[in-house]
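Hi,

Here is the structure I promised to pass on. Have a look at it first, and my notes follow below.

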Amino acid sequence: MSLLLDNQFKELPHDNSVDTKLFLDAVSHLPAFIDCLGSKVFSLIKSDITGNITKIQGVYVKDPQRYATLQHILEAERDDHAKEWPKVGATLALMWLKRGLRFIQILLQSIADGEKDENNPNLIKVNITKAYEGALKRYHGWLVQKIFTGALLAAPYRSDFFKALSKGEEVKEEECLANVRHFLVNFTATVDAIYDMYTNLNAELDYSV
Ligand code: 03F
(Lines give C-alpha, C1' and ligand atoms only; values in the text may rest on other atoms or scores of the structure.)
Protein backbone atom coordinates (compact mmCIF):
# COMPACT_ATOMS: atom_id res chain seq x y z
CA MET A 1 0.00 0.00 0.00
CA SER A 2 1.07 3.53 -0.52
CA LEU A 3 1.83 5.73 2.44
CA LEU A 4 0.63 8.73 0.48
CA LEU A 5 -2.77 7.30 -0.33
CA ASP A 6 -3.24 6.08 3.24
CA ASN A 7 -2.62 9.57 4.54
CA GLN A 8 -4.47 11.79 2.12
CA PHE A 9 -5.39 15.32 3.09
CA LYS A 10 -9.13 15.97 2.89
CA GLU A 11 -10.73 18.04 0.16
CA LEU A 12 -11.37 21.60 1.33
CA PRO A 13 -14.88 23.05 1.54
CA HIS A 14 -15.88 25.88 -0.82
CA ASP A 15 -14.79 28.61 1.60
CA ASN A 16 -11.30 27.00 1.76
CA SER A 17 -11.42 26.81 5.56
CA VAL A 18 -9.13 24.18 7.06
CA ASP A 19 -10.72 22.03 9.77
CA THR A 20 -8.22 21.86 12.62
CA LYS A 21 -8.89 18.26 13.63
CA LEU A 22 -8.71 16.91 10.07
CA PHE A 23 -5.53 18.91 9.46
CA LEU A 24 -3.88 17.63 12.63
CA ASP A 25 -4.85 14.04 11.75
CA ALA A 26 -3.28 14.40 8.31
CA VAL A 27 -0.01 16.08 9.36
CA SER A 28 0.50 13.72 12.29
CA HIS A 29 1.67 11.03 9.83
CA LEU A 30 4.51 13.09 8.42
CA PRO A 31 7.06 12.72 11.27
CA ALA A 32 7.01 8.90 11.10
CA PHE A 33 7.75 9.13 7.41
CA ILE A 34 10.91 11.11 8.10
CA ASP A 35 12.23 8.08 10.05
CA CYS A 36 11.88 5.99 6.88
CA LEU A 37 14.36 8.28 5.13
CA GLY A 38 17.03 6.45 7.05
CA SER A 39 19.47 9.03 8.38
CA LYS A 40 19.79 10.42 11.90
CA VAL A 41 20.55 13.82 10.36
CA PHE A 42 16.83 14.17 9.82
CA SER A 43 15.97 13.89 13.52
CA LEU A 44 16.36 17.66 13.96
CA ILE A 45 13.82 18.25 11.23
CA LYS A 46 11.52 15.64 12.69
CA SER A 47 11.57 17.21 16.14
CA ASP A 48 10.92 20.67 14.69
CA ILE A 49 7.87 19.44 12.78
CA THR A 50 6.62 17.34 15.71
CA GLY A 51 7.08 20.28 18.08
CA ASN A 52 4.93 22.51 15.90
CA ILE A 53 2.20 19.90 15.49
CA THR A 54 2.17 19.38 19.28
CA LYS A 55 1.87 23.13 19.89
CA ILE A 56 -1.15 23.43 17.58
CA GLN A 57 -2.71 20.29 19.06
CA GLY A 58 -2.18 21.70 22.57
CA VAL A 59 -4.17 24.82 21.71
CA TYR A 60 -6.89 22.88 19.88
CA VAL A 61 -7.68 20.43 22.70
CA LYS A 62 -8.22 23.28 25.17
CA ASP A 63 -11.41 24.26 23.31
CA PRO A 64 -12.13 22.30 20.11
CA GLN A 65 -15.18 24.42 19.32
CA ARG A 66 -13.41 27.75 19.63
CA TYR A 67 -10.50 26.43 17.54
CA ALA A 68 -12.56 24.47 15.01
CA THR A 69 -10.65 25.82 11.99
CA LEU A 70 -7.09 27.06 11.61
CA GLN A 71 -8.45 30.55 10.95
CA HIS A 72 -10.37 30.43 14.24
CA ILE A 73 -7.07 29.74 16.01
CA LEU A 74 -5.29 32.70 14.42
CA GLU A 75 -8.16 35.07 15.14
CA ALA A 76 -8.56 33.90 18.74
CA GLU A 77 -4.84 34.29 19.41
CA ARG A 78 -4.86 37.71 17.79
CA ASP A 79 -7.59 38.73 20.26
CA ASP A 80 -5.94 37.09 23.27
CA HIS A 81 -2.34 38.19 22.66
CA ALA A 82 -2.68 41.44 20.78
CA LYS A 83 0.82 42.62 21.74
CA GLU A 84 2.89 39.59 20.73
CA TRP A 85 0.74 38.28 17.88
CA PRO A 86 1.58 36.82 15.38
CA LYS A 87 4.85 35.73 17.03
CA VAL A 88 3.04 33.61 19.57
CA GLY A 89 1.42 30.23 20.25
CA ALA A 90 -0.11 28.12 17.52
CA THR A 91 0.03 31.06 15.09
CA LEU A 92 3.83 30.93 15.19
CA ALA A 93 3.94 27.12 15.19
CA LEU A 94 1.73 26.95 12.08
CA MET A 95 3.73 29.73 10.40
CA TRP A 96 6.79 27.46 10.52
CA LEU A 97 4.95 24.18 9.98
CA LYS A 98 3.43 25.51 6.75
CA ARG A 99 6.96 26.26 5.44
CA GLY A 100 7.91 22.62 6.02
CA LEU A 101 4.72 21.58 4.22
CA ARG A 102 5.55 23.92 1.32
CA PHE A 103 9.00 22.31 1.19
CA ILE A 104 7.42 18.83 0.92
CA GLN A 105 4.94 20.08 -1.69
CA ILE A 106 7.59 21.60 -3.96
CA LEU A 107 9.80 18.52 -3.55
CA LEU A 108 7.02 16.10 -4.50
CA GLN A 109 5.78 18.32 -7.34
CA SER A 110 9.26 18.63 -8.79
CA ILE A 111 9.70 14.85 -8.68
CA ALA A 112 6.22 14.33 -10.18
CA ASP A 113 7.10 16.77 -12.97
CA GLY A 114 10.12 14.62 -13.83
CA GLU A 115 12.75 17.25 -12.98
CA LYS A 116 16.06 15.40 -12.84
CA ASP A 117 19.80 15.77 -12.89
CA GLU A 118 20.41 13.87 -16.12
CA ASN A 119 23.95 12.97 -15.03
CA ASN A 120 22.69 11.51 -11.75
CA PRO A 121 19.17 10.30 -12.45
CA ASN A 122 18.93 8.33 -9.20
CA LEU A 123 19.51 11.38 -7.01
CA ILE A 124 16.87 13.85 -5.84
CA LYS A 125 19.25 16.62 -4.75
CA VAL A 126 18.03 18.98 -7.48
CA ASN A 127 14.45 18.50 -6.31
CA ILE A 128 15.39 18.98 -2.64
CA THR A 129 17.40 22.10 -3.43
CA LYS A 130 14.53 23.57 -5.43
CA ALA A 131 12.17 22.92 -2.50
CA TYR A 132 14.62 24.45 -0.03
CA GLU A 133 15.09 27.58 -2.10
CA GLY A 134 11.34 27.95 -2.62
CA ALA A 135 10.17 27.35 0.92
CA LEU A 136 12.84 27.78 3.58
CA LYS A 137 16.15 29.31 2.58
CA ARG A 138 15.13 32.96 3.01
CA TYR A 139 14.16 32.25 6.63
CA HIS A 140 17.52 30.67 7.47
CA GLY A 141 20.74 32.39 8.47
CA TRP A 142 24.11 30.93 7.44
CA LEU A 143 24.29 28.37 10.26
CA VAL A 144 20.95 26.72 9.46
CA GLN A 145 21.80 26.90 5.75
CA LYS A 146 24.93 24.88 6.62
CA ILE A 147 22.70 22.32 8.36
CA PHE A 148 20.73 22.07 5.14
CA THR A 149 23.94 21.44 3.18
CA GLY A 150 24.74 18.63 5.64
CA ALA A 151 21.25 17.15 5.33
CA LEU A 152 21.58 17.21 1.55
CA LEU A 153 24.58 14.88 1.78
CA ALA A 154 22.36 12.35 3.55
CA ALA A 155 19.54 12.68 1.00
CA PRO A 156 18.09 9.32 -0.01
CA TYR A 157 18.43 7.92 -3.51
CA ARG A 158 15.40 8.45 -5.67
CA SER A 159 14.62 4.71 -5.64
CA ASP A 160 14.86 4.54 -1.82
CA PHE A 161 12.65 7.60 -1.51
CA PHE A 162 9.98 5.88 -3.62
CA LYS A 163 10.40 2.73 -1.57
CA ALA A 164 9.83 4.70 1.65
CA LEU A 165 6.71 6.26 0.14
CA SER A 166 5.52 2.73 -0.61
CA LYS A 167 6.08 1.49 2.94
CA GLY A 168 9.20 -0.44 2.07
CA GLU A 169 7.71 -2.34 -0.86
CA GLU A 170 9.31 -2.26 -4.27
CA VAL A 171 6.76 -0.64 -6.56
CA LYS A 172 7.02 0.54 -10.12
CA GLU A 173 8.13 4.14 -10.39
CA GLU A 174 5.15 5.04 -12.58
CA GLU A 175 2.73 3.74 -9.96
CA CYS A 176 4.46 5.68 -7.24
CA LEU A 177 4.44 8.87 -9.31
CA ALA A 178 0.72 8.46 -9.92
CA ASN A 179 0.20 8.24 -6.14
CA VAL A 180 2.34 11.34 -5.60
CA ARG A 181 0.26 13.30 -8.13
CA HIS A 182 -2.95 12.13 -6.50
CA PHE A 183 -1.70 13.07 -3.02
CA LEU A 184 -0.63 16.51 -4.22
CA VAL A 185 -4.14 17.60 -5.21
CA ASN A 186 -5.62 18.12 -1.72
CA PHE A 187 -2.23 18.63 -0.10
CA THR A 188 -1.36 21.58 -2.35
CA ALA A 189 -4.84 23.09 -1.93
CA THR A 190 -4.46 22.90 1.85
CA VAL A 191 -0.98 24.44 1.91
CA ASP A 192 -2.11 27.21 -0.45
CA ALA A 193 -5.14 27.93 1.75
CA ILE A 194 -2.92 28.27 4.82
CA TYR A 195 -0.56 30.64 2.99
CA ASP A 196 -3.51 32.74 1.79
CA MET A 197 -4.84 32.89 5.34
CA TYR A 198 -1.50 34.23 6.65
CA THR A 199 -1.47 36.85 3.92
CA ASN A 200 -5.10 37.89 4.44
CA LEU A 201 -4.73 38.17 8.22
CA ASN A 202 -1.38 39.90 7.87
CA ALA A 203 0.14 37.18 10.06
CA GLU A 204 3.29 36.38 8.07
CA LEU A 205 6.71 37.32 9.51
CA ASP A 206 9.98 37.23 7.61
CA TYR A 207 12.63 37.09 10.31
CA SER A 208 15.31 34.45 9.88
CA VAL A 209 16.69 31.97 12.42
C1 03F B 1 12.81 27.53 13.04
C2 03F B 1 13.47 26.49 12.13
N3 03F B 1 12.49 25.63 11.55
C4 03F B 1 14.46 25.63 12.92
O5 03F B 1 15.34 26.47 13.62
C6 03F B 1 15.27 24.80 11.95
C7 03F B 1 15.39 23.50 12.05
C8 03F B 1 16.26 22.68 11.14
C9 03F B 1 16.09 23.03 9.70
C10 03F B 1 16.97 22.23 8.80
C11 03F B 1 16.58 22.47 7.37
C12 03F B 1 16.87 21.36 6.45
C13 03F B 1 15.72 21.07 5.52
C14 03F B 1 16.04 20.19 4.37
C15 03F B 1 16.10 18.74 4.62
C16 03F B 1 16.30 17.90 3.44
C17 03F B 1 15.53 16.64 3.59
C18 03F B 1 15.46 15.82 2.38
C19 03F B 1 14.43 14.77 2.49
C20 03F B 1 14.15 14.03 1.28
C21 03F B 1 10.97 27.60 14.52
O22 03F B 1 12.10 26.88 14.02
C23 03F B 1 10.08 26.60 15.23
O24 03F B 1 9.61 25.65 14.31
C25 03F B 1 8.94 27.33 15.90
O26 03F B 1 8.14 26.45 16.63
C27 03F B 1 9.58 28.35 16.83
O28 03F B 1 8.67 28.91 17.60
O29 03F B 1 11.56 31.40 15.99
C30 03F B 1 10.36 29.33 16.00
C31 03F B 1 10.94 30.49 16.82
O32 03F B 1 11.42 28.63 15.39
C33 03F B 1 12.37 25.48 10.22
O34 03F B 1 13.06 26.08 9.43
C35 03F B 1 11.32 24.51 9.70
C36 03F B 1 12.04 23.40 9.00
C37 03F B 1 11.08 22.39 8.40
C38 03F B 1 11.84 21.43 7.52
C39 03F B 1 10.89 20.49 6.83
C40 03F B 1 11.63 19.57 5.94
C41 03F B 1 10.83 18.34 5.60
C42 03F B 1 11.82 17.29 5.27
C43 03F B 1 11.57 16.08 4.84
C44 03F B 1 10.26 15.53 4.64
C45 03F B 1 10.18 14.74 3.41
C46 03F B 1 8.79 14.24 3.30
C47 03F B 1 8.39 13.86 1.95
C48 03F B 1 6.96 13.56 1.71
C49 03F B 1 6.18 12.89 2.76
C50 03F B 1 4.81 12.57 2.31
C51 03F B 1 4.04 11.71 3.24
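Helices H7 and H8 run roughly antiparallel to each other (an angle over 145 degrees), because their axes cross at roughly 160°. Those axes, of residues 125-135 and 142-153, come within 11 Å; they are lines fitted to C-alpha atoms over the stretch in contact, with angles from 0 to 180 degrees between N-to-C directions. Helices here are DSSP runs of H or I, at least four residues, numbered from the N terminus. On the H7 side, Lys125, Ile128, Thr129 and Tyr132 meet Val144, Gln145, Phe148, Leu152 and Leu153 of H8, where contact means heavy atoms within 4.5 Å.

Please keep in mind that this is a predicted model: local features need pLDDT of at least 70, side-chain atom pairs count only at pLDDT 80 or more, and totals for chains, interfaces and linings use all residues. Residues are numbered from 1 along each chain as its sequence is written, and side-chain values use heavy atoms, with hydrogens and water left out.

Now to H5, residues 70-80: Leu70, Ile73, Leu74, Ala76 and Glu77 are buried there (under 20% relative accessible area, 1.4 Å probe, protein chains only). These buried residues fall within an arc of 165° seen down the axis, so they line one face of H5; the arc is taken from the directions from the helix axis to the C-beta atoms. Their cover includes helices H2, H4, H6 and H10.

In the loop between H5 and H6 sits Val88, which counts as buried because its relative accessibility is 13%. Leaving aside neighbours within four places in sequence, Val88 touches Glu77 and His81.

Best wishes

Methods: Buried means under 20% relative accessible area, exposed over 50%, partly exposed in between (1.4 Å probe, protein chains only). Helices (H or I, at least four residues) and strands (E, at least two) are DSSP runs, numbered from the N terminus. Angles under 35 degrees count as roughly parallel, over 145 as roughly antiparallel, 65 to 115 as roughly perpendicular and the rest as oblique.
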